Amino acid sequence: MTSTHNSNTHNSKIVLLALIALAVIALLWLLPVREWLVLLQTQIKSYGVLAPVIYALVYIVATLLLIPGSVLTLGAGPLFGFWQGLLIVIISANLAALCAYLLARTALRQRVAAWAAGNPKFAALDRAIGQNGFKMVLLSRLSPAFPFTLLNYFLGLTTVSPGAYVLANLIGMLPGTFLYVYLGTTAGDALTSSGNQSVAWGQYALRIVGLLATLAVVILVTRIARKAIHTEEGEAEQEASS
């Protein structure tokens with residue numbers, strides 16, 4: 001019965017992802033996305049050296065308001081270029097995570113505790129973090145079991161130290177952040193270079209290969225992290241009940 005339920009859930013997720021992909025393709029085809037992107041790039045460049053700072057502040061505020069940052073992460077690549085976009089997202093996401101962690105330990109502690117009380121996964125994660133804080137924070141960042149924005153607050157309720165939290169966040173965010181910024185950069189270049197014959201198809205082919213390789217690595221790391229989390233949570237529950 002459980003295996004059937006898991007299979008149905010997995011199939012539903014595949015169907016949902018396929019529908020989202022089709023919707024995105026339709027929007028790219030029907031809407032003047034290229035023109036919008038060029039206009040946005042021009043607007044961003046008009047801010048000069050303040051542009052990365054403004055983008056980072058928007059990213060941090062959005063994350064603290066529990067708004068998923070995936071769109072902003074994707075947008076950093078085409079707006080700033082891959083390496084600068086990657087750096088901006090890494091700094092922004094980690095600062096936002098630290099702010100949420102500190103707020104959960106101080107001003108918002110009661111509210112976050114109420115959120116956590118309604119999340120059965122958090123109790124098991126909390127017990128596991130009590131035994132190995134750095135490892136569990138790192139694994140939770142590598143696995144999509146918890147939404148990034150909400151997990152920032154939840155981890156503020158745990159016993160993990162600020163130093164271990166910051167370091168585990170920094171390392172754990174890298175694979176997914178690299179993938180999203182790379183994807184955004186590749187898509188942005190393809191859109192803005194439309195009709196430019198000087199761009200070789202071989203260059204795009206190499207980028208697609210790199211993107212697929214990165215995706216494969218992220219999927220593998222995610223699966224390993226998910227299994228490790230289940231193992232750690234199971235051991236923590238056994239020790240708590242004994």
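**Charge, fold and contacts**

Mentor: Lys-121 is partly exposed, at a relative accessible area of 49%. Here buried means under 20% relative accessible area, exposed over 50%, and partly exposed in between, with a 1.4 Å probe and protein chains only. This is a predicted model in which local features need pLDDT of at least 70 and side-chain atom pairs count only at pLDDT 80 or more, whereas totals for chains, interfaces and linings use all residues. Residues are numbered from 1 along each chain as its sequence is written, and side-chain values use heavy atoms, with hydrogens and water left out.

Trainee: Which helix gives the most to the positive patch?

Mentor: The patch gathers Lys-121, Arg-223, Arg-226 and Lys-227 on the surface. Lys-121 is found in helix H7, residues 120-131. Three residues of the patch come from the helix that gives the most, H11 (residues 201-241).

Trainee: How many helices are there in the protein chain?

Mentor: Helices (H or I, at least four residues) and strands (E, at least two) are DSSP runs, numbered from the N terminus. Read along the sequence, the pattern is α-α-α-α-α-α-α-α-α-α-α. With zero strands, the number of helices is 11.

Trainee: How many of the 10 residues of H8 are buried?

Mentor: Of the 242 residues of the protein chain, 36% count as buried. Helix H8 covers residues 133-142, and its buried residues include Gly-133, Met-136 and Arg-141. H8 is mostly covered, and the number of its buried residues is seven.

Trainee: What accessible area do the residues of the nonpolar patch have together?

Mentor: The patch on the surface is formed by Tyr-47, Val-49, Leu-50, Val-53, Ile-54, Leu-57 and Val-58. Among them, Leu-57 is found in helix H3, residues 51-64. Accessible areas come from the Shrake-Rupley method with a 1.4 Å probe, and for residues only the protein chains shown count as cover. Together the patch residues have about 660 Å².

Trainee: Which residue has a backbone oxygen that the side chain of Ser-46 reaches?

Mentor: Ser-46 lies in the loop between helix H2 (33-45) and H3. Ser-46 is exposed because its relative accessible area is 51%. At 2.4 Å, its side chain reaches the backbone oxygen of Gln-43.

Trainee: What is the phi of Leu-66?

Mentor: Leu-66 lies in the loop between H3 and helix H4 (70-80). Leu-66 counts as partly exposed, because its relative accessibility is 33%. Although Leu-66 is not a glycine, its phi is positive, at about 65°.

Trainee: How far apart in space are Gly-156 and Ala-104?

Mentor: Gly-156 lies in the loop between helix H9 (148-154) and H10. Gly-156 is buried, because its relative accessible area is 0%. Gly-156 and Ala-104 are 52 residues apart in sequence, and their C-alpha to C-alpha distance is 4.9 Å.

Trainee: How far apart in space are Phe-178 and Trp-83?

Mentor: Phe-178 is found in helix H10, residues 162-192. Phe-178 counts as partly exposed, because its relative accessibility is 27%. Phe-178 and Trp-83 are 95 residues apart in sequence, and from C-alpha to C-alpha the distance is 9.5 Å.

Methods: Patches are made of residues with over 30% relative accessible area and no salt bridge: like charges are joined within 9 Å, nonpolar side chains (Val, Leu, Ile, Met, Phe, Trp, Tyr) within 5 Å. A salt bridge is a side-chain nitrogen of Lys or Arg within 4 Å of a carboxyl oxygen of Asp or Glu. A polar contact is a pair of N or O atoms within 3.5 Å; within protein, one must be able to donate a hydrogen and the other to accept it, and residues adjacent in sequence count only if both atoms are side-chain atoms. Lys and Arg count as positive and Asp and Glu as negative; His and the chain ends are not counted. The place of a charge is taken as NZ of Lys, CZ of Arg, CG of Asp or CD of Glu.
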